[in-house]
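Keep the sequence and the 3D view at hand.

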Amino acid sequence: MIPAEVFLTFILMLSIFLGFELINKVPATLHTPLMSGANAISGITVVGAVSLAGTGQQDLANWLGAAAVALASINVVGGYLVTDRMLAMFKKKEG
Amino acid sequence: MQTLIQFAFVLSAALFIFGLKQLGSPATARRGNLISAIGMLIAIVAALMDQGIVDYRFILAGFVVGGVIGALAARMVAMTSMPEMVALFNGFGGMASLLVGMAALTPNAATFTLVTIVLSILIGGLTFTGSLIAYGKLSERIGSGAVMFVGQQFVNSLIVLGILGSAVMFCLQPDQAHWLYLVVGLSLVFGIMAVIPIGGADMPVVISLLNSYSGLAACAAGFAVDNNILIVAGSLVGASGIILTQIMCKAMNRSLANVLFSGFGSGKVETTEVEGEIKPISVDDAYYVLEAATNVAIIPGYGMAVAQAQHVVKELTELLEENGAEVNFGIHPVAGRMPGHMNVLLAEADVPYDQLLEMDDINPRMENVDVAIVIGANDVVNPAAREVESSPIYGMPVINVDSARTVFVLKRSMASGFAGIENPLFYKDNTRMLFGDAKESIGGLIREFGS
């Protein structure tokens, strides 16, 4: 059995290399949507936050979790919507 | 059930990766964004299935508040303000990770977990306040200049030592909450101190870097709460920010350390004497030259966006094409206030993306260009970067407009650019200055084509 820390670090290492490969292929013209899309993806913290916000304990951790859910939701919703708004404007020359 | 949730996370990781892959081409990018959003939805639904969740009221309240703010911001933000919005969102992401890190603290946590909690608080905290300062500078709510004072390095070193010290103490005595609060407080202060010495012209680098940090903070929070999907998604964002940071540094011929610590753009003006004279041109004469041109290149800078001239530029492009000329845009990586900003501004004005050429693609074609029109750009077309070794921007890659047969520079007055550097381009034999508001000058050209 692999210890959890090693397993998580392994995932980290692979994802970073994969990230470099993927992002290097994004053309300069799409760098702004890439950044706002990355904003949206970094809102993934919401997944960690919901389990902390839903313990029903009404203690400090619960409130912190709820605040984290709100902040991360701004990123998720705002990030994806504004990226879509931008990408809809990119058009190829007709003909 | 737990296994099912974990498999759902695997699926959403795959969708994030596929979504980013689709972002490799403007033709598929919009679908890629949608795929990524579906991945996020799956991850959130899966997280809500967790058996530890007994009370949904706090979660729902968080979703509603955040969702409404996010949706309004996304709908209302002007494209010129995208850098501010991205900066602010970086900050929110950082703060969310800081809060998750704090809330993840349980009695009897292992040292490894404690270290990751400290990391998510440290990175999240400095991302939050750093991003707020970057937002303030970009939106000009606070002065955009670099703030330097005597002993700054010393103060910063003290803060770093303080963070390290209290972090170590916290890991040794996790039940002593004041060490944790000290880490939180110092991280927040450090974010401010790290961004104030960086000038407005370097903000594209800073928001790219903070973008990366917001991902790394999510990554650290993933370790703290033992969640794979946070690690995968966080490191994808981290990698993306690092690559963009590198591209921006390269485009300005600066090392990252130089950007972060030197306070460049703090208003030190080089007064190198430039030989030659300025040759103004009237709208009438400019029209005759353009009418005869068969190959036109437009080099926009942020000044074009400030003058809100994108739409008239697009109109002029159409008239030139009807007149039989080939028109391309040359986009320097730091033409806007963030990576790719200029491309978005032109896309908003309906300029097709295949007409937007990167610097390395337009430079070899420049010799065949009859007229290069420089609109609101200065440093990115400055030949001093190639020719004048004493220039502060010497070595920076620039668009070689001076190789074109004729260069029109649209400029309000003879003031120097954002970085305060003299531009010998204005004095070259083949350069003509078209003074005045860019929008009005181009409007004048359009009227000439109409008559």
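Q: What makes helix H14 (residues 341-348) of chain B count as mostly covered?
A: Seven of the eight residues of H14(B) are buried. A residue is buried if 20 or more other C-beta atoms lie within 10 Å of its own, exposed if 12 or fewer, and partly exposed in between, with C-beta atoms placed from the backbone. The buried residues of H14(B) are B:His341, B:Met342, B:Asn343, B:Val344, B:Leu345, B:Leu346 and B:Ala347. After H14(B) comes B:Asp350, with a positive phi near 70 degrees.

Q: What kind of model is this, and how are residues numbered?
A: This is a predicted model: local features need pLDDT of at least 70, side-chain atom pairs count only at pLDDT 80 or more, and totals for chains, interfaces and linings use all residues. Residues are numbered from 1 along each chain as its sequence is written, while chains are lettered from A and ligands numbered from 1 in the order in which they are written.

Q: Why are S1 and S4 of chain B called a parallel pair?
A: Two strands pair if DSSP finds at least two bridges between them. Strand S1 (residues 295-300) and strand S4 (residues 371-375) of chain B have five bridges, in the parallel sense, so they meet the definition. B:Ala297 stands opposite B:Ala372 in S4(B). Strands here are DSSP runs (E, at least two residues), and helices are runs of H or I with at least four, numbered from the N terminus.

Q: How do you know that chain A touches chain B, and which helix of chain A gives the most?
A: Residues are in contact if their C-beta atoms, placed from the backbone, lie within 7 Å. By that rule, 76 residues of chain A are in contact with 98 residues of chain B. H4(A) gives the most to the side of chain A that touches chain B, with 26 residues.

Q: Where does UniProt list "transmembrane region" in chain A?
A: The unreviewed UniProt entry lists residues 6-23, 35-54 and 60-83 of chain A. Such annotations may be inferred rather than shown by experiment. In the model, residues 60-83 of chain A are 100% helix and 0% strand.

Note on methods: Contact = placed C-beta atoms within 7 Å.
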